[in-house]
Amino acid sequence: MLERIMEHNKKFVEERKQKGEDKPISAHAHADVMVFTCMDTRLVDLLEPAMGFKRGDIKILKNAGNMIRKDCDDVIRSMFIGTVVMGLKEVYVVGHKDCGMAKQTPEAIKEKMLARGLSREIVDSIDIAEWAGLICNEEQNVRDVVARVKASEYIPKDVAVHGLIMDPNTGEIEVL
Ligand SMILES: [Zn+2]
């Protein structure tokens, strides 16, 4: 795969140069927006056009299940950088229907951990559902994450925080 990527990249860079697309653009998000969504493969090349955003418009954060765990503040850290340090005015938490993180069970993950050679001490030392960030319901998770962002002492109160849910097939978005 790496060879294929590097081969493709050479052609890609050359084509962009020929089309004049290689000129620098501002690193500031032109739309003053940060989007936090799931790492689901179906959202790649779907979410941004579905929201009307293109390259340069937004900062985008992704993780498994667009989840902010209680004891994990790394998403908040990036939102803090985006809003306080970079001055972004809006945060969109975009969940999606049919999320893989709503289908996993702690038992199945435990089996996979052991099958892949992770130590039993580690497996037994964590609450798997909490640690892995399993969700019961995609809509409720978005609402919980929005509430967590709004409640965070690191995010300014004048930042608008919205919760959305997307259909990963049609690209349709609903406001929650
Ligand atoms: Zn997902």
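This is a predicted model: local features need pLDDT of at least 70, side-chain atom pairs count only at pLDDT 80 or more; totals for chains, interfaces and linings use all residues.

Guide: Residues are numbered from 1 along each chain as its sequence is written.

Visitor: How many helices and strands are there in the protein?

Guide: Helices (H or I, at least four residues) and strands (E, at least two) are DSSP runs, numbered from the N terminus. The protein has seven helices and five strands. Their order from the N terminus is α-β-α-β-α-β-α-α-α-α-β-β.

Visitor: Is Ile-58 buried or exposed?

Guide: A residue is buried if 20 or more other C-beta atoms, placed from the backbone, lie within 10 Å of its own, exposed if 12 or fewer, and partly exposed in between. Ile-58 is buried because 22 other C-beta atoms lie within 10 Å. Ile-58 belongs to strand β2 (residues 58-63). Of the 176 residues in the protein, 24% are buried.

Visitor: Which residues is Ile-58 in contact with, leaving aside its neighbours within four places in sequence?

Guide: Two residues are in contact if their C-beta atoms, placed from the backbone, lie within 7 Å. With those neighbours left aside, the contacts of Ile-58 are Ala-29, Ala-31, Val-33, Met-34, Val-35 and Phe-53. Val-33 is 25 residues from Ile-58 along the chain, and their C-alpha atoms are separated by 5.2 Å.

Visitor: How is the protein divided into domains?

Guide: Domain bounds come from an automatic or database domain assignment. Here they give domain 1 (29-98 + 137-176) and domain 2 (100-134). Seven residues from domain 1 and five residues from domain 2 form the contact.
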